[in-house]
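This report describes how the parts of one protein chain are arranged. Please look at the sequence and the structure before reading on.

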Amino acid sequence: MKPKTIPWTFKNWIANFNGVDLPIGDLAQDISRDPNFPDSEDREELRSYLSSKAKHHAVIETFETVWDFYQASR
């Protein structure tokens, strides 16, 4: 029997960094607290959503860096 694969979305992946004392941890915490954060694989949709919510440009910069790590981990 083939093992069942878990759908790995950005939202699932970043949840692993919740509690990390770095910008990725801050982003993970913000996302976990937001019940409306899209469970999407579309980078532009996620970036647009964060841009509409973020109070600081650093959030978008962190997302861009973290997205590259996410893509490399897949």
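**Overall fold**

The model is predicted. Its protein chain contains four helices and zero strands, and the order along the sequence is α-α-α-α. Taken along the principal axes, the C-alpha atoms fill a box of roughly 50 × 25 × 25 Å. An unreviewed UniProt entry lists residues 9-71 as "domain: YozE SAM-like".

**Two helix contacts**

Two packed helices are described by the angle between their axes and the distance between the axes.

| Helices | Angle between axes | Distance between axes |
|---|---|---|
| α3 (residues 43-53) and α4 (residues 57-73) | about 160° | 10 Å |
| α2 (residues 23-33) and α4 | roughly 105° | within 10 Å |

How do α3 and α4 run relative to each other? With an angle of about 160°, α3 is roughly antiparallel to α4, because an angle over 145 degrees counts as such. The crossing of these two helices, α3 and α4, is right-handed. On the α3 side, the contact involves R43, L46, R47, L50 and S51, which meet V59, I60, F63, E64 and W67 in α4. By class, this contact of α3 with α4 has six nonpolar, one polar and three charged residues.

The second contact has another geometry to consider. Since an angle of 65 to 115 degrees counts as roughly perpendicular, α2 and α4 are therefore described in that way. Here P23, I24 and L27 of α2 make contact with V59, T62, F63 and V66 of α4. The residues of this contact of α2 with α4 comprise six nonpolar, one polar and no charged. V59 and F63 of α4 take part in the contact with α3 and also in the contact with α2.

**An aromatic pair**

A search of the whole structure finds nine aromatic pairs. One of them joins F10 and F63 in an edge-to-face arrangement, with 5.5 Å from centre to centre and 80° between the planes. Why does this pair tie together parts that are apart in sequence? F10 belongs to helix α1 (residues 10-14) and F63 to helix α4, so the pair links parts that are 53 residues apart in sequence.

Conventions:
Residues are numbered from 1 along each chain as its sequence is written. This is a predicted model: local features need pLDDT of at least 70, side-chain atom pairs count only at pLDDT 80 or more; totals for chains, interfaces and linings use all residues. Side-chain values use heavy atoms; hydrogens and water are left out. Axes are lines fitted to C-alpha atoms, for helices over the stretch in contact, and angles run from 0 to 180 degrees between N-to-C directions. Angles under 35 degrees count as roughly parallel, over 145 as roughly antiparallel, 65 to 115 as roughly perpendicular and the rest as oblique. A crossing is left-handed if the near helix is turned anticlockwise from the far one by less than a right angle, and right-handed if clockwise. Contact means heavy atoms within 4.5 Å. Ala, Val, Leu, Ile, Met, Phe, Trp, Tyr, Cys and Pro count as nonpolar, Asp, Glu, Lys and Arg as charged, and the others, Gly among them, as polar. UniProt positions are given in the numbering used here, feature names are shortened, and annotations may be inferred rather than shown by experiment. Rings of Phe, Tyr and Trp (its six-membered ring) pair if their centres lie within 6.5 Å; planes under 30 degrees apart count as stacked, over 60 as edge-to-face and the rest as tilted.
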